[in-house]
Amino acid sequence: MRFHEEVQRGNGKAGSFPQTYRCRKPDPPPPPGVEPEALIAIHKLAAKEALTMYANKHDDFCDLMAEAAFDNLFDTILTDDLFKPVEGFTPTDEERAKMEEAEKTAKALSGLFNILKRF
């Protein structure tokens, strides 16, 4: 949990990066004629690169990011309403077969993920 501890230490605020990982100066305004979409793409690419470099130095970073991604996924997209049974719904034989196939695939991927986590 070294990454988590470092994040917690950043300026005494939970969730802020330590000073060594923050920009010291704000970005200057974009030059005239630069498309806002291009500027956003450049900043996203820079953020992705910075996170990748940080992740390469910290072993637990991947686990924390996966946990945050799952929390966000279940809070925003896969909400509890999606998992409530629909009254009166009876799946057809074809739907049952697809659900069983999906369950087998999920179990296989889960096993593969567990194997890959060991590396």
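Phe-70, Phe-74, Leu-82 and Phe-83 make a nonpolar patch of about 450 Å². A word on terms: patches take residues with over 30% relative accessible area and no salt bridge, joining like charges within 9 Å and nonpolar side chains (Val, Leu, Ile, Met, Phe, Trp, Tyr) within 5 Å. Areas come from the Shrake-Rupley method with a 1.4 Å probe, and for residues only the protein chains shown count as cover.

Some ground rules. This is a predicted model, where local features need pLDDT of at least 70 and side-chain atom pairs pLDDT 80 or more, while totals for chains, interfaces and linings use all residues. Residues are numbered from 1 along each chain as its sequence is written, and side-chain values use heavy atoms, without hydrogens or water.

Now the fold. The chain has four helices and zero strands. Helices (H or I, at least four residues) and strands (E, at least two) are DSSP runs, numbered from the N terminus. Buried residues make up 10% of the 119 residues. Buried means under 20% relative accessible area, exposed over 50%, and partly exposed in between (1.4 Å probe, protein chains only).

Back to Phe-83. Where does Phe-83 lie? In the loop between α3 (61-76) and α4 (93-117). Phe-83 counts as exposed because its relative accessibility is 54%. Its ring pairs with that of Phe-74: the centres are 6.5 Å apart and the planes at 35°, so the pair is tilted. The rule: rings of Phe, Tyr and Trp (its six-membered ring) pair if their centres lie within 6.5 Å; planes under 30 degrees apart are stacked, over 60 edge-to-face, the rest tilted. Phe-74 is partly exposed, at 40%.

Next, charges. The structure holds three salt bridges. Each needs a side-chain nitrogen of Lys or Arg within 4 Å of a carboxyl oxygen of Asp or Glu. Lys-84 bridges to Asp-81, with the closest N and O atoms 3.4 Å apart. In helix α4, Lys-98 and Glu-94 are four residues apart, so about one helical turn separates them. Their closest N and O atoms are 3.6 Å apart. Glu-103 and Lys-107 also meet in a salt bridge, at 3.6 Å, N to O.

Last, confidence. pLDDT is the predictor's confidence in each residue, from 0 to 100. The chain averages 78. Helix α2 (residues 36-57) has the highest mean, 88, and helix α1 (residues 2-9) the lowest, 58. Over residues 11-15, pLDDT stays under 50. Where pLDDT is low, the predicted coordinates should not be read in detail.

How values were computed. Contact = heavy atoms within 4.5 Å.
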